[in-house]
Amino acid sequence: MKEEKPIVIIVDDDSSMRTMIARLLDSVGMKSISFSAPEEFLHTSPPDDPACVVLDVQMPGLSGLDLQRELAKAERRLPIIFMTGHGDIPMTVQAMKEGAVAFLTKPFRNQDLIDAVRQALNLDREARQQRALLANLRKRYESLTAREREVFALVTTGLLNKQIALKLGTTERTVKAHRGVMVQKMEAESVADLVRMADKLGVSPPQT
Amino acid sequence: MNHPAKAREKTAVSAVEQPFRLLADAIPEIVWTANPLGEIQYFNAHWFDFTGKSFAESRGWGWQSALHPDDLQIWLGRWRRALRTGEGCEVEYRLKHASDGEYRWQLSRASPWKENGQIVSWFGTITDIDLIVGRDLTERKQEEAFRTGQSQVLEMIARGEPLEMVLTSLMLLIEAQAEEMLCSVLLLSEDGAHVRHGAAPSLPAGYVKAVDGAPIGPKNGSCGTAMYLAKPVVVTDILRDPLWEDYRGLAEASGLGACWSTPILSGSGAVLGSFAMYYRHPQSPSGSEAKLTEVAIHIAGIAIEHQRWEDELRRTQGQLAHLTRVTTMGELTASIAHEVNQPLGAIVGNADICLDWLANGSPDLAKVAEALEDIARDGHRASEVISRIRSLAKKQLPQKTALDINEVAREAHALVNHEANMRGVSLLTDFGTELPVVSGDRIQLQQVLINLLMNGMDAMAATERQQRRLTISTAHDGGKALVAVSDCGAGIEPQQAEQVFKAFHSTKSGGMGMGLAISRSIIEAHGGRLWLEPNDGPGVTFKFTLPGNSSEAEP
């Protein structure tokens, strides 16, 4: 596995703040990239490595909250640390609801920003791992035949082979054969394992 | 063609019949004829005898040099009008007599000779009336000139010309009415205890300067005493009068012998200043000066009172402008705080980084220096914001200086830029080049712009975020500078277009309704105009013009 290089994305219309934050991150060995407007950042391709956004709430054009929404829409969920000139409680609540990691009031303590950035990068790392696992799981699920998927769905509701055969209008033997192949393809070790997978995949049993 | 009378050869005009000429020469008046264009073609003998001029010198329009220069324009005006309208005219003017070079009063008449409604020729007579009316007429003309002079001074007052200019013109006018008389006006200071220079175009400069600021009192020369007593003070001999004890040396050095002073009173009877007539030598009033004094104190009183009202108005307007300015700044507080906070945030952050570097031993000094430079720059930035705001908050009388209107617009832009960001408004600029320099008060003009910009933002509160565009533009408009603030808001109904400029008219819940009224009064005080126009698209544009500084604007 290649070595990961976390990156912090700074979005602030104030060049002094951008320079200062970049300098601060550099001093603790973190890479960063700066943008003066949310639109600029939206036009770049998403990073491959763990990343987070340090974002000023009040900017001309697209606001910080707007950017947060745009990212969500584009399926580019990234942890965001908000900065604001003055703590506005409704704004804070809204940002936190939509997944902000932290809300810092300028001027903030440098350590607070570093802590928030570390936390955000960890969150993104975890999220990336989760997304990778899910993608893998989905690939396995997609390799199942239609009948195997039906068996998968019914197994995870806790039915026995006999009951499944009855539901599918087939023999217990056939179900058993499908089940064997399915478990192998899904790389499951137990029924409980299959149940967790179904939950993650959002698979529900066919309606009778 | 063939005239035997050699002595009259210069009068020879073929068009004029012999009997007519004989008759004309027999009349004891000057007789002339002119063609329909007004070119004189014939004078009788009396013209040449009176003026001493030849026919060649006098023919056509050449006769003008014989008239008194003060009267020539009047005659030319009437004569040209007569030529235009075809109606006769009659004017009294002075003609120079060849024998002694003196001017004598004449009555000049011109009548048209028409055939079939067309003018064929003009006939004129010039009758010597000097013996009958000469002296009387001279006096009448002088009085007329004096009255014209008075109305000119009154017009200056009405036009709002500076008090010193008005009073100087008045003094020169009064001085022209009498021999060897020098005039001055002194003003009573605001504390009511000192005299201030008003106007004294003919008094020695050293004397004028020494008197300025002297106290008033019961023994303070003619003027200081007249103001103190609110009564006329006539000093016929400065060198002997006890009232002048303290100023005798000064008066002697300035060559002043007599000074008669009369207080100038306001409509309500308060002392405003004094008017004085000075003479080089001791002199007593003859009685004829009373009328001049009356005119002088009457007009000077009007001028001084007018100036005081104007000052008062200016002060009040200044206070009101300051008040509305401070109110507007209150609305800007949040964005101003943000604007100061931004560099402060960077300063604190950079300082912390430096401290960390230093605490960790052997820091990279180049990096430290870089961070410190940033700190210094941000410190200056914060203080610039503060000083911009402080100059707006300052309470002072308007001061006119030569201004680049783009500079004023840029400053106003900087002051509201953050507010615009916070309200999601894009603030755009479109500045013209080579605009005329305007003369104005920087703070007040900034105030007008800030007010228009804030109004524009308010008007777009309900507008889609992407469409909230506010544009400041400047341009050249004839010799004037044109500034426009254009929004994309809800717009203003045409019937409301003038209402919005009225005081206490407000469409906003929190508004005082003074902003636009004050803005208009500020622009008008700068000799400009402020109005609004609906946009082709949504919203309105507020525009104002300011006259160029250097010269009278060419249209």
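Predicted model: local features only at pLDDT ≥ 70, side-chain atom pairs only at ≥ 80, totals over all residues.
Me: Where does L170(B) sit in the largest nonpolar core?
Reply: L170(B) is one of the residues with the most contacts inside that core, along with L167(B), A296(B) and A300(B). The core has 49 residues. In soluble globular proteins, nonpolar side chains tend to be buried together.

Me: Turning to chain A, how many helices and strands are there?
Reply: Chain A has 9 helices and 5 strands. Along the sequence they follow the pattern β-α-β-α-β-α-β-α-β-α-α-α-α-α. Of the 208 residues in chain A, 33% are buried.

Me: In what order do the strands of the sheet in chain A lie?
Reply: The order is β2-β1-β3-β4-β5 in an open sheet of 5 strands, and the pairing is parallel. β2 (31-35) and β5 (100-105) of chain A each have a single partner strand, so one side of each is left without a neighbour in the sheet. From one strand to the next, the twist averages 20°.

Me: What about β3 and β4 of chain A, over how many bridges do they pair?
Reply: Strand β3 (residues 51-56) and strand β4 (residues 80-84) of chain A pair in the parallel sense over 4 bridges. One bridge joins D56(A) to M83(A) in β4(A).

Me: Which strands does helix α3 of chain A lie across?
Reply: Helix α3 (residues 64-73) lies across β1 (7-11), β3 and β4 of chain A. Relative to β3(A), the helix runs at about 150°.

Me: Now the interface: how many residues of chain A are in contact with chain B?
Reply: On the chain A side there are 18, in contact with 22 residues of chain B. Helix α1 (residues 15-27) of chain A gives the most to the chain A side, with 7 residues. By class, that side has 6 nonpolar, 9 polar and 3 charged residues.

Me: Moving to chain B, is strand β9 largely enclosed or open?
Reply: Strand β9 (residues 258-265) of chain B is largely enclosed by the rest of the structure, because 7 of its 8 residues are buried.

Me: Which strands pair with β9(B)?
Reply: Strand β8 (residues 233-235) of chain B pairs with β9(B) in the antiparallel sense over 3 bridges, and V235(B) has C259(B) as its bridge partner in β9(B). Strand β10 (residues 271-279) of chain B also pairs with β9(B) in the antiparallel sense, over 8 bridges. In that pairing, W260(B) stands opposite M277(B). The hairpin of β9(B) and β10(B) has 5 residues between the strands, and G269(B) there takes a positive phi near 90°.

Me: Finally, at what angle do α13 and α14 of chain B pack?
Reply: Helix α13 (residues 442-459) and helix α14 (residues 515-525) of chain B pack at about 145°, with their axes 10 Å apart. The crossing is left-handed. Residues that meet include Q444(B), V448(B) and L452(B) in α13(B), and S519(B) and I522(B) in α14(B). The contact has 4 nonpolar and 6 polar residues, with no charged ones.

Technical notes. Residues numbered from 1 in each chain as written. Chains lettered and ligands numbered in written order. Pairing = 2+ DSSP bridges. Helix = DSSP H or I, 4+ residues; strand = E, 2+ residues; numbered from the N terminus. Axes fitted to C-alpha atoms, helices over the stretch in contact; angles between N-to-C directions. Contact = placed C-beta atoms within 7 Å. Nonpolar A, V, L, I, M, F, W, Y, C, P; charged D, E, K, R; others polar. Core = buried A, V, L, I, M, F, W, Y, C linked by C-beta atoms within 7 Å. Buried ≥ 20, exposed ≤ 12 C-beta atoms within 10 Å, placed from the backbone. Left-handed = near helix turned anticlockwise from the far one by under 90°.
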